Amino acid sequence: MLNVDTIKNGLVIDHIKAGYGSQIFHWLGLDKAHFTSALIMNVPSKTSGRKDIIKIDNIINIDYSVLGYIDPNITVNIIQDEKIIRKIKMKLPDRVEKVIRCKNPRCITATEQYVAHVFKLANRQQAQYRCEYCDALYSAGTIEG
């Protein structure tokens, strides 16, 4: 039986689509953190079959729009004195910046390093984003750098 200690004061990122937990864990820099954190993968879930969970024994700043972009079904539980004091449900953000990179070689972001990669939600049902500069279309779910 797997035993992961309870969080005293920190965050639990729950309902992560199975296989995406590692991506989020590294994006948050938890692999280099000086506090306790745990990535639990392929946990049985009644609603989705399998899921990943990240437990962080610390309160850290998170860009919730990025979590919503990766998986809008994610829930972040804020833990204080070993109790959930707040649940935050993610959603697809209307805009993401510096999360994905435009792959269009003709886009201004390919030649001008100072221009931030900015994408706007184009289709909520299909989770698609368009580059703000060249209109290239991308699907939500992955992060880069």
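A search of the whole structure, which is a predicted model, finds 0 disulfides, a disulfide being a pair of cysteine sulfur atoms within 2.5 Å. C102 takes part in no disulfide, and the nearest cysteine sulfur, that of C134, is 3.5 Å away. Seen from the other partner, the sulfur of C134 has its closest cysteine sulfur in C102, and at 3.5 Å the separation is too far for a bond. C102 has a relative accessibility of 10% and therefore counts as buried, whereas C134 is partly exposed, with a relative accessible area of 23%; here buried means under 20% relative accessible area, exposed over 50%, and partly exposed in between, for a 1.4 Å probe and protein chains only. C134 is placed in the loop between strand 8 (128-131) and strand 9 (137-139), and its C-alpha atom is separated by 16 Å from that of V99, 35 residues apart along the chain.

Residues are numbered from 1 along each chain as its sequence is written, and side-chain values use heavy atoms, with hydrogens and water left out. Because the model is predicted, local features need pLDDT of at least 70 and side-chain atom pairs count only at pLDDT 80 or more, while totals for chains, interfaces and linings use all residues.

The protein chain has an average pLDDT of 90, and 94% of the residues score at least 70, where pLDDT is the predictor's confidence in each residue, from 0 to 100. The secondary structure comes to 3 helices and 9 strands, helices (H or I, at least four residues) and strands (E, at least two) being DSSP runs numbered from the N terminus. In order from the N terminus, these elements run β-α-β-β-α-β-β-β-α-β-β-β. The C-alpha trace spans about 50 × 35 × 25 Å along its principal axes, and buried residues make up 40% of the 145 residues in the chain.

Strand 4 (residues 75-80) is largely enclosed by the rest of the structure, because 5 of its 6 residues are buried. Strand 4 is joined to strand 1 in the antiparallel sense by 5 bridges, and to strand 5 (residues 83-89), likewise antiparallel, over 6 bridges; two strands are taken to pair if DSSP finds at least two bridges between them. In these pairings I79 of strand 4 stands opposite G10 and also opposite I84 in strand 5. Strands 4 and 5 form a hairpin with 2 residues between them, and D81 in the turn has a positive phi of about 50°. E82, found in the loop between strand 4 and strand 5, has a positive phi of about 65° although it is not a glycine. Most residues other than glycine have a negative phi, and most peptide bonds are trans. E82 is partly exposed, with a relative accessible area of 49%.

A further positive phi, of about 60°, is found at H15, again not a glycine. H15 is placed in strand 1 and is partly exposed, with a relative accessible area of 31%. H15 is also one of the residues that line the largest pocket, together with I16, K17, A18, S45, T47, S48, R50, K51, D71 and N73. On a 1 Å grid over the protein atoms alone, a pocket is an open set of points where a 1.4 Å probe fits, with protein on both sides within 12 Å along at least five of seven lines, and lining residues have an atom within 4 Å of a point. About 150 Å³ of space lies in this pocket, the volume being the space filled by probe spheres set on the points, which are joined across faces, edges and corners. Strand 1 (10-17) and strand 3 (49-56) each supply at least two residues of the lining, and strand 1 gives the most, with 3 residues. By class, the lining has 2 nonpolar, 5 polar and 4 charged residues, where Ala, Val, Leu, Ile, Met, Phe, Trp, Tyr, Cys and Pro count as nonpolar, Asp, Glu, Lys and Arg as charged, and the others, Gly among them, as polar.

In the loop between strand 3 and helix 2 lies N61, which is exposed, with a relative accessible area of 80%. N61 and L28 are 33 residues apart in sequence, and their C-alpha atoms are 9.2 Å apart in space.
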